[in-house]
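Visitor: Could you walk me through this model? I'd like to start with the overall picture and then go into some details.

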Amino acid sequence: MIRWHDEDRFWETFGLVLFDETRWQAASQEVDALLRLLQPEAGASILDLCCGPGRHSLELARRGFRVTGADRTAAFLAEARRRADAEGLPLELVQSDMRHFRRPGAFDLVINMFTSFGFFEDPVDDLQVARNMWESLRPGGKAVLEMMGKEVLARVFVERSWLPLSDGSIFFQERRVARDWSWIENRWMILKDATLHEFQFGHRLYSAAELRQVLSQAGFSSVQAYGSLDGTPYDHQARRLVMVAVKG
């Protein structure tokens, strides 16, 4: 059985929603905050795991970092390559599932942004991804995971929503929390030119404490939770869950 995250049609159908112009414009500020939080050395080697079409990879490459973007979706990598070539940016792009990509001791920093963790039915797969990140880092390197945390979702949860898109289509979402708040079931629909495109999918929800446990089990020696890329506390006002893990 092919899972939703392995369906090219899912990513290509909803790419306009996931990576609209607003999100592209936000990449510069997000990288600003990321660099303030992590303080990498100039020219550091960075892995953008699940890079999508390269929002953060491209911005990091513009700033002189040595960047590798890895993603399983060929269409996203092709878009990242088109943009990198147009700017003359030296960006390495690799097509690979995050459960399999590892490059031992190659990177100073690994980033996993925009809720790109927790896709898999078996939590052992999530642990494998975390171990791949640990293995791919040099000693003292850092991994950053940025997502919608369980605590934040509980505060802002809306069962249904809809959004008009720039191409005239309409994006509908339905959400249902399941499995004792460990999972969320989603139904996404785009109505375009009188045609309805629909996918149903789910992914794991992590609290800060649960994600800390996964990262510690993967081998990270220090794990810190923040409520945003600006380094704010992970408390009742948190906007996102940002975990920074250090390889000892």
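Visitor: What share of the residues counts as buried?

Guide: Of the 248 residues of the chain, 51% are buried, where buried means under 20% relative accessible area, exposed means over 50% and partly exposed lies in between, with a 1.4 Å probe and protein chains only. This is a predicted model, in which local features need pLDDT of at least 70 and side-chain atom pairs count only at pLDDT 80 or more, while totals for chains, interfaces and linings use all residues. Residues are numbered from 1 along each chain as its sequence is written, and side-chain values use heavy atoms, with hydrogens and water left out.

Visitor: How many helices and strands are there?

Guide: The chain has seven helices and 11 strands, taken as DSSP runs numbered from the N terminus (helices: H or I, at least four residues; strands: E, at least two). The radius of gyration is 18 Å, close to the 18 Å that the globule rule gives for 248 residues, so the chain is as compact as a globular protein of that length; the radius is taken over C-alpha atoms, and the rule is 2.2 Å times the number of residues to the power 0.38.

Visitor: And what about contacts along the sequence?

Guide: Among contacts in the chain with a separation of 6 or more, 62% are between residues 24 or more positions apart, a contact being heavy atoms within 4.5 Å.

Visitor: Switching to helix α3, why is it described as largely enclosed?

Guide: Seven of the eight residues of α3 (residues 55–62) are buried, so the helix is largely enclosed by the rest of the structure. The buried ones are Arg55, His56, Ser57, Leu58, Glu59, Leu60 and Ala61.

Visitor: Which elements do they pack against?

Guide: The buried residues of α3 pack against the helices α2 (21–38) and α4 (74–87), as well as the strands β1 (45–49), β2 (66–71), β3 (91–95) and β4 (107–112). After α3 comes Gly64, with a positive phi near 90°.

Visitor: Glu59 carries a charge, so which network is it linked into?

Guide: Glu59 belongs to a network of salt bridges with Asp32, Arg62, Arg63 and Glu87. A salt bridge here is a side-chain nitrogen of Lys or Arg within 4 Å of a carboxyl oxygen of Asp or Glu.

Visitor: How many salt bridges does the structure hold?

Guide: The structure holds 26 salt bridges. In one of them the side chains of Arg99 and Asp125 meet at 3.7 Å, N to O. This pair links distant parts of the chain, 26 residues apart, with Arg99 in the loop between β3 and β4 and Asp125 in helix α5 (residues 123–136).

Visitor: Are those two buried or partly exposed?

Guide: Arg99 counts as buried at 17% relative accessibility, whereas Asp125, at 23%, counts as partly exposed.

Visitor: What about Asp167 and Lys192?

Guide: Their side chains also meet in a salt bridge, at 3.2 Å, N to O. Asp167 lies in the loop between β6 (160–164) and β7 (170–178) and Lys192 in strand β8 (residues 183–192), so the pair ties together parts that are 25 residues apart in sequence. Asp167 is partly exposed at 34% relative accessibility, and Lys192 is partly exposed at 35%.

Visitor: Back to Arg99, where does His5 come in, and what does His5 touch?

Guide: His5 sits in the segment before α1 (8–18) and is buried, with a relative accessible area of 6%. Leaving aside residues up to four places away in sequence, His5 touches Trp11, Arg72, Arg99, Phe119 and Phe120.
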